Amino acid sequence: MRPVIALLLVLMPASALAAGSNAGFGMGGRYASFDPVVAQYNQSGELFRIEGHCQSSCTLFLGIRNVCVERSATLLFHAAHDRSRNVSPLLTVHMLDAYNGRLRAYLTANRHMDTLEFHPISGADMIRKFGYRECPKR
C-alpha cells in the first residue's frame, strides 16, 4: 500500500498538497491546475480554506462543497480568456458555474465577468453578502 501512496504523492502537483487551502494558487492560472483540486476536495469532503489573495482561476475553489472563506481574504474576479488574452464566454461560464447563485447574479448584473479588469471582493463581503461560510479559527 505504501508504494501506491508514495506514487500518488509524486504524481500530484505540490500545490495540491497545500493543506486544504489556496496557498500556491492565489495568482490564478490555467483551469487544468484548479479543476482537479476542486474534484479532489469535493470527493473527500475535506474543508478547503480560501485565505489571503485569490484571483482569477483561484476563485474556482468556491465550487468546493466544503469551502470556507477567511474574512481577511480578497478575491478578484474577471472574465476568463484564452491564451491570446481574448475574453472567452465559454470559459467564463465555467468560472460562473463554480459560484453560488447570489455571487453569480451580482457578478453578471454588474458586468464584472465581461472584461479582464479585476473586481475585488473582500472575504468579509463574501460571507456577509454572498453567503459563503466563514472559516473556523485555527
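Biologist: Quick one to start: in S4, which residue is the bridge partner of His53?
Modeller: Thr74 is the bridge partner of His53 in S4. Before we go on, this is a predicted model, with local features needing pLDDT of at least 70 and side-chain atom pairs counting only at pLDDT 80 or more, while totals for chains, interfaces and linings use all residues. Residues are numbered from 1 along each chain as its sequence is written, and side-chain values use heavy atoms, leaving out hydrogens and water.

Biologist: OK, and in which sense do S2 and S4 pair?
Modeller: Parallel: strand S2 (residues 53-55) and strand S4 (residues 74-77) are paired over 3 bridges. Pairing takes at least two DSSP bridges between two strands. The element names come from DSSP runs numbered from the N terminus, with helices being H or I of at least four residues and strands E of at least two.

Biologist: How many bridges join S4 to S5?
Modeller: There are 4 bridges between S4 and strand S5 (residues 119-122), and these two run antiparallel. Thr74 turns up again here, with Ser122 as its bridge partner in S5. Leu75 sits opposite Ile121 of S5.

Biologist: Which residues are on the covered face of S5?
Modeller: His119 and Ile121 are on the covered face, whereas Pro120 and Ser122 are on the uncovered one. In a regular strand, side chains alternate between the two faces of the sheet.

Biologist: Let's zoom out. How many helices and strands does the protein chain have?
Modeller: The chain has 5 helices and 5 strands. Starting at the N terminus, the order is α-α-β-β-β-β-α-α-β-α.

Biologist: What percentage of the 138 residues count as buried?
Modeller: 40% of the 138 residues count as buried. Buried means under 20% relative accessible area, exposed means over 50%, and partly exposed is in between (1.4 Å probe, protein chains only).

Biologist: What are the buried residues of helix H3?
Modeller: In H3 (residues 89-96), they are Thr92, Met95 and Leu96. These residues cover an arc of only 95 degrees around the axis, so they are on the same side of H3. That arc is taken from the directions from the helix axis to the C-beta atoms.

Biologist: Which helices do the buried residues of H3 pack against?
Modeller: They pack against helix H2 (31-44) and helix H4 (101-109).

Biologist: Where is Asp97 found?
Modeller: Asp97 is in the loop between H3 and H4. Asp97 is exposed, at 58% relative accessible area.

Biologist: Now Leu116. What is Leu116 in contact with, leaving aside its neighbours within four places in sequence?
Modeller: Leu116 is in contact with His78, Ala79, Ala80, His81, Arg85 and Val87, where contact means heavy atoms within 4.5 Å. Leu116 lies in the loop between H4 and S5 and is partly exposed, at 23% relative accessible area. The C-alpha atoms of Leu116 and His78 are 5.2 Å apart, although the residues are 38 apart along the chain.

Biologist: And Arg111, where is that found?
Modeller: Arg111 is also in the loop between H4 and S5. Arg111 is exposed, with a relative accessible area of 58%, and its phi is positive, near 60 degrees.

Biologist: What is the phi of Ser56, about?
Modeller: Ser56 has a positive phi of about 60 degrees, though it is not a glycine. Most residues other than glycine have a negative phi. Ser56 is in the loop between S2 and strand S3 (67-69), and it counts as buried at 11% relative accessibility.

Biologist: Last topic: what volume does the largest pocket have?
Modeller: About 370 Å³. Among the 17 residues lining that pocket, Gly29, Arg30, Ser57, His81 and Asp82 are the closest to its centre. On a 1 Å grid over the protein atoms alone, a pocket is an open set of points where a 1.4 Å probe fits, with protein on both sides within 12 Å along at least five of seven lines, and lining residues have an atom within 4 Å of a point. Points are joined across faces, edges and corners, and the volume is the space filled by probe spheres set on them.

Biologist: How many residues of the lining are charged?
Modeller: The lining has 4 charged residues, along with 7 nonpolar and 6 polar ones. Ala, Val, Leu, Ile, Met, Phe, Trp, Tyr, Cys and Pro count as nonpolar, Asp, Glu, Lys and Arg as charged, and the others, Gly among them, as polar.
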